[in-house]
Amino acid sequence: MPRFRRHLKINLALQGGGAHGAFTWGVLDRLLEEESLSFEWVSGTSAGAVNAVALAAGLAEGGREGARAKLRQVWEAVHKAGVPDLLRLNPFLFGLSNATTLAQVASILSPYDFNPLGFDPLRNLLAETIDFKAIREKAPVGLLIAATEVATGRPRLFRREEITVESVLASACLPTLHRTVEIDGVGYWDGGFSKNPDIVTLALESPVRDTLIIEINPLVRRELPKGAREIAGTANRLTFNAPLLRDVELILAVREAMRGRFGSIRRGRQNPLAAHRFHMIEAGRYTSSLSDDSKLKPDLGLLTYLHSAGRTQTHKWLAQNLKFIGKQETVDLAQRFQAAGSLTAAEDEPIASSDTEAVSSRA
């Protein structure tokens, strides 16, 4: 007689990271194989927003298998579109299919200069692969897609009933590469500047009290950047990690303020935030060995490698932590985010490029 398995629900918080978001594709692909696990709310930013709407659209159209197929369709389209489609439209940039060269050009010229027609491969990709009407009307998950208001720097959260191709483009708008996305007269840039992703709103408002954070960007890189590219990449990493660090600091502060004499959480308006249980799957040991330029170049080998790595890490996480969903938190937020310098070697050690085939073979 098969053992009874309780049905579990979790929220998902999907960090942005360009092409490195293929790791999250692998995570979701593996999670969707767990029949006892379902999703309540999904918070996503930039590449995390793309994964979120692909998941929502797939679930709306064809359940779990529909979601897996939709995610694969979207990431295969990401590879096929790539950066060259943008370059071929401008004779000045023709032949600059190297992501490093594109990044250098973007640091000198505005996208209004090198892309006067405002062409965006991601717009065509999303319009062709995602049924946004189905998301708004039938998606079985709540959505929080973060973008940043250019005028104020404040986050703007688009919810399921507001999700359009424009809101996802706003969430993924890197201002050095794409023109500002305007919605109802308001200009938006990448959500990573303000929420990457939003976990506070998720914890406060979702009826489910467990959230799995998919962290793409390495929290720590021990090498001191000296070259111009390395310095720019480090500045980018620090900028886009800062919002998640702030959210975690707020959660830890609320928890500390609400603890009673014996360590229990006191009742109050902020109780959902203090008592929320967080879990985490990290890509850092894989992405820390990759160049920052690789985020801009969706190479098929890179996408396949990260998808396989995501599946591998999720398989390990499920074996160790699935039993704790609904019962207890499985990531020590204070240790992970406030004491990053004392990470263990296993957490911090990058995967060498020679290990790529081994990871792929285990997926």
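Residues are numbered from 1 along each chain as its sequence is written, and side-chain values use heavy atoms, with hydrogens and water left out. As the model is predicted, local features need pLDDT of at least 70 and side-chain atom pairs count only at pLDDT 80 or more, whereas totals for chains, interfaces and linings use all residues.

In soluble globular proteins, nonpolar side chains tend to be buried together. Here the largest nonpolar core has 67 residues. A nonpolar core is a set of buried Ala, Val, Leu, Ile, Met, Phe, Trp, Tyr and Cys residues joined through side-chain atoms within 4.5 Å. Buried means under 20% relative accessible area, exposed over 50%, and partly exposed in between (1.4 Å probe, protein chains only). Leu12, Phe23 and Ile135 have the most contacts inside this core. Its largest share, 16 residues, comes from helix H2 (residues 47-81). Helices (H or I, at least four residues) and strands (E, at least two) are DSSP runs, numbered from the N terminus. Ile135 touches Val53, Ala56, Ala57, Ile130, Leu143, Arg160 and Ile163, leaving aside residues up to four places away in sequence. Contact here means heavy atoms within 4.5 Å. Another core, of 25 residues, lies apart from the largest one. Among its members are Ile199, Val200, Leu273 and Leu333.

The structure holds 19 salt bridges. Each is a side-chain nitrogen of Lys or Arg within 4 Å of a carboxyl oxygen of Asp or Glu. Arg68 pairs in this way with Asp29, and their closest N and O atoms are 2.7 Å apart. Arg68 lies in helix H2 and Asp29 in helix H1 (residues 22-31), so the pair ties together parts that are 39 residues apart in sequence. Asp29 is buried, at 5% relative accessible area, whereas Arg68 is partly exposed, at 22%. Arg30 forms a salt bridge with Glu34, with 3.2 Å between the closest N and O atoms. Both Arg30 and Glu34 are buried. A network of salt bridges links Asp29, Arg30, Glu33, Glu34, Glu65, Arg68 and Arg311.

Arg255 forms a salt bridge with Glu329, the closest N and O atoms being 2.6 Å apart. Arg255 lies in helix H10 (residues 228-258), and Glu329 in the loop between helix H13 (300-321) and helix H14 (333-338), so this pair ties together parts 74 residues apart in sequence. Arg255 is buried, at 9%, while Glu329 is partly exposed, at 23%.

Six aromatic pairs were found in the whole structure. Rings of Phe, Tyr and Trp (its six-membered ring) pair if their centres lie within 6.5 Å; planes under 30 degrees apart count as stacked, over 60 as edge-to-face and the rest as tilted. Phe158 and Tyr188 form an edge-to-face pair, 5.6 Å centre to centre with 70 degrees between the planes. Phe158 in strand S4 (residues 155-159) and Tyr188 in strand S6 are 30 residues apart. Both are buried. Phe193 and Phe240 form a tilted pair, 4.9 Å centre to centre with 40 degrees between the planes. They are 47 residues apart, with Phe240 in helix H10. Phe240 is buried, at 9% relative accessibility. Ring pairs also link Phe23, Tyr286 and Tyr305 into a cluster.

Phe193 lies in the loop between strand S6 (186-190) and helix H9 (200-205). Phe193 is partly exposed, at 32%. With Val150 and Trp189, Phe193 makes a nonpolar surface patch of about 230 Å². Patches are made of residues with over 30% relative accessible area and no salt bridge: like charges are joined within 9 Å, nonpolar side chains (Val, Leu, Ile, Met, Phe, Trp, Tyr) within 5 Å. Accessible areas come from the Shrake-Rupley method with a 1.4 Å probe; for residues, only the protein chains shown count as cover.
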